[in-house]
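This report is intended for a reader meeting the structure for the first time. Please keep the sequence and the three-dimensional view at hand while reading.

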Amino acid sequence: MASNAVSAFQTQLQLGDGANPENYSTVAELKTISGPSLKLDTIDVTTHNTSQPWRSFIGGLLDAGEVSFDINFIPTNPSHSYSSGILSDMVNRVQRNMKLVFPDAGATEWQFTCLVTGFEVSADPADVLVASVTLKLTGVPTLAG
């Protein structure tokens, strides 16, 4: 039986500009991406009246988690730079709308608002400049698909 798996090649991470309607531009030189790391907190509701000695739980708060990604860092690129890109967002504590666009047949989009909470540059003399970036999602993401 053939698989319906989708290649991750050409997944995009896009930055919103805050306009109405919002316009998005693609983060340049995206290498790898992980997340969002969605999570549901649980609340222990076990009581002395429980008939079996097993804990019982209900769902608590949802957390959209984090997205982390690596880029070939180009300091002057508008999507990376200290003057207008994700590095600027972190330094200025800007919440930005972003979206992941998957390369499936329907071009599924996951939209979210986030803060840039980490930006780490690596400069190995045998490699290109790389930056590892972490985003903390805030509020309710739109997970279509």
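The model is predicted: local features need pLDDT of at least 70, side-chain atom pairs count only at pLDDT 80 or more, and totals for chains, interfaces and linings use all residues. Residues are numbered from 1 along each chain as its sequence is written, and side-chain values use heavy atoms, with hydrogens and water left out.

## The sheet

An open sheet is formed by 7 strands in the order β2-β1-β7-β8-β9-β6-β3, with antiparallel pairing. Because β2 (24-26) and β3 (30-34) each have a single partner strand, they stand at the edges, and one side of each is left without a neighbour in the sheet. From one strand to the next, the twist averages 35°; the axes behind such angles are lines fitted to C-alpha atoms, for helices over the stretch in contact, and the angles run from 0 to 180 degrees between N-to-C directions. Strands (E, at least two residues) and helices (H or I, at least four) are DSSP runs numbered from the N terminus, and two strands pair if DSSP finds at least two bridges between them.

Within this arrangement, strand β1 (residues 12-16) pairs with strand β7 (residues 96-101) in the antiparallel sense over 4 bridges. Q14 has K99 of β7 as its bridge partner.

## Aromatic pairs

There are 2 aromatic pairs in the structure. Rings of Phe, Tyr and Trp (its six-membered ring) pair if their centres lie within 6.5 Å; planes under 30 degrees apart count as stacked, over 60 as edge-to-face and the rest as tilted. F73 and F119 form an edge-to-face pair, at 5.4 Å centre to centre with 75° between the planes. This pair links distant parts of the chain, with F73 in the loop between β6 (66-72) and α1 (86-91) and F119 in strand β8 (residues 109-122), 46 residues apart. F73 and F119 are both buried, where buried means under 20% relative accessible area, exposed over 50% and partly exposed in between (1.4 Å probe, protein chains only).

The pair of F102 and W110 is edge-to-face because the ring centres are 5.2 Å apart and the planes stand at 80°. F102 is partly exposed, with a relative accessible area of 26%, and W110 is partly exposed at 23%.

## Salt bridges

Side chains of opposite charge can pair when their charged atoms come close. The structure holds 5 salt bridges, each defined as a side-chain nitrogen of Lys or Arg within 4 Å of a carboxyl oxygen of Asp or Glu. The table includes some of them.

| D41 | K39 | 3.5 Å |

D41 is partly exposed at 31% relative accessibility, and K39 is partly exposed at 48%. D63 is partly exposed at 28% relative accessibility, and K136 is partly exposed at 27%.

E109 in strand β8 and K99 in strand β7 are 10 residues apart. E109 is partly exposed, with a relative accessible area of 28%, whereas K99 is buried at 10%. K99 is also the bridge partner of Q14.

## A nonpolar surface patch

I43, V45 and I58 form a nonpolar patch on the surface, with about 230 Å² of accessible area together. Patches are made of residues with over 30% relative accessible area and no salt bridge, with like charges joined within 9 Å and nonpolar side chains (Val, Leu, Ile, Met, Phe, Trp, Tyr) within 5 Å. Accessible areas come from the Shrake-Rupley method with a 1.4 Å probe; for residues, only the protein chains shown count as cover. I43 lies in strand β4 (residues 39-44) and is partly exposed at 41% relative accessibility.

## Backbone features

Which residues are joined by a cis peptide bond with omega of about 5°? They are N20 and P21, and P21 lies in the loop between β1 and β2. The peptide bond from G35 to P36 is also cis, with omega near 10°; P36 is placed in the loop between β3 and β4.

Q10, although not a glycine, has a positive phi of about 80°. Q10 is found in the segment before β1 and is exposed at 56% relative accessibility. E29 is not a glycine either, and has a positive phi of about 60°. E29 lies in the loop between β2 and β3 and is partly exposed at 40% relative accessibility.
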